[in-house]
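Please look at the sequence and the 3D structure shown below before reading on. The report that follows goes through selected sites one by one.

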Amino acid sequence: RQIRLSEGAVLLGGFALSHAEPLVAAIAALTAAAPFRHMETPGGRRMSVAMSNCGPLGWVSDRGGYRYAARDPLSGEPWPAMPVLFRTLAQDAAAQAGFADFAPDACLINRYEPGTQLTLHQDRDEQDRRAPIVSVSLGLPAVFLWGGESRAGRAARHALFHGDVVVWGGPSRMNFHGIAPLKDGLHPATGALRYNLTFRTAG
Ligand code: MD3
Ligand code: FE
C-alpha cells in the first residue's frame, strides 16, 4: 500500500511491519542508555511526548530553545549510535518514495501514552530542507493531523498504524502537522504505548 498524502508525502503502509519486533527491542536498549524524558518548551511548558534520540545528532528543547545537539544533556554523553537496522529501514523507505541517497544523522524517538498529543507545528530546526523526513509508527494507532502550509484552517486527519512509514519531502516538508490525543488501548507489541521514530538530515 503506497498512498500519496500530498505533494511529496508518501505513506508506505506496513513498510516496517516485518522489522517491528527488533525495532521495539532496539528502542528499549537505546532508552536504557539515554532515557525517555519530557523536555521543556522554550516557553516553560512540559512536553507531553516523552523523547530520546540516537545517532550523531539529537533534537532537544529547553528554556534556551529548540536545537540539535551531539550529546544527551542528561548525561553529557554522545547519543547512542543509530542501529544499522534503523538507518537501512529509513534509507529504503526514502528510496521507495523517490529520495535516493537519504543520509539521516538524527533519529528522534517519541513515546506517546494515552492522552499524549503533539500540537500543530513545523519542523524547522534542520539545516537542509531539501532532505526528506522519514517517520516510523509502532504500537497504538494515532490520528495524524495534516495542516498544510499555514497554521490557520482545519487540519486533515489520517490514521497511522503499527508498522506504517511516511516519507515527507518536497513541498510537504514544511507543512504544519501534529498528533491528536492518543486513545486508550493495548497493542500486542508495545502495550499501552505508541512509538514514533523520526529520521532527519539535521546537520
Ligand atoms: C510532516 N512527530 O517529531 S511523525 C516530530 O508521530 C513529529 O511523533 C510526529 O511531528 C509523531 O516532529 C509525527 C510525522 C511527521 C514528522 C515530520 C514531519 C510528519 C511531518 C515534517 C514535515 C511534515
Ligand atoms: Fe514534527
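Setting aside residues up to four places away in sequence, Tyr66 touches Pro42, Ser61 and Asp125, where two residues are in contact if their C-beta atoms, placed from the backbone, lie within 7 Å. Tyr66 belongs to strand 5, residues 65-69; helices (H or I, at least four residues) and strands (E, at least two) are DSSP runs, numbered from the N terminus. Tyr66 counts as partly exposed because it has 15 C-beta neighbours inside 10 Å; a residue is called buried if 20 or more other C-beta atoms lie within 10 Å of its own, exposed if 12 or fewer, and partly exposed in between, with C-beta atoms placed from the backbone.

An unreviewed UniProt entry lists Trp59, Tyr66, Arg67, Tyr68, Asp125 and Arg151 under "binding site". These residues span 93 residues in sequence and their farthest two C-alpha atoms are 23.7 Å apart, so they do not all gather at one spot. UniProt positions are given here in the numbering used for this model, with shortened feature names, and annotations may be inferred rather than shown by experiment. Arg151 counts as exposed, because it has 12 C-beta neighbours inside 10 Å, and beyond its neighbours within four places in sequence it is in contact with Leu120 and Phe176.

## How the model should be read

This is a predicted model, in which local features need pLDDT of at least 70 and side-chain atom pairs count only at pLDDT 80 or more, while totals for chains, interfaces and linings use all residues. Residues are numbered from 1 along each chain as its sequence is written, and chains are lettered from A and ligands numbered from 1 in the order in which they are written.

The mean pLDDT of the chain is 96, and 100% of its residues reach 70 or more, pLDDT being the predictor's confidence in each residue, from 0 to 100. For the complex, the predictor gives an ipTM of 0.96 and a pTM of 0.97.

Which residues come nearest to ligand 1? Of the 15 residues around ligand 1, these are Asn110, Ser135, Trp168, His177 and Asn196, a residue being near a molecule or strand if its C-beta atom, placed from the backbone, lies within 6 Å of it. At least two residues of this shell are supplied by each of strand 6 (106-112), strand 8 (133-139), strand 11 (165-168), strand 12 (176-179) and strand 13 (194-200).

By class, the shell around ligand 1 has 6 nonpolar, 7 polar and 2 charged residues. In this grouping Ala, Val, Leu, Ile, Met, Phe, Trp, Tyr, Cys and Pro count as nonpolar, Asp, Glu, Lys and Arg as charged, and the others, Gly among them, as polar.

Is His177 buried or exposed? His177 is buried, because 24 other C-beta atoms lie within 10 Å, and its place is in strand 12. Not counting residues up to four places away in sequence, His177 touches Leu120, Phe144, Leu145, Trp146 and Gly147. Asp123, by contrast, lies in the loop between strand 7 (118-121) and strand 8, and it is partly exposed, with 19 other C-beta atoms within 10 Å.

## Strand 13

A further "binding site" list in the unreviewed UniProt entry includes Tyr195 and Arg200. Tyr195 has its place in strand 13 and counts as buried, because it has 23 C-beta neighbours inside 10 Å. Leaving aside neighbours within four places in sequence, the contacts of Tyr195 include Ile27, Ile109, Asn110 and Thr190.

Arg200 is also in strand 13, and it is buried, with 27 other C-beta atoms within 10 Å. Apart from its neighbours within four places in sequence, Arg200 is in contact with Pro104, Ala106, Glu126 and Ile133.
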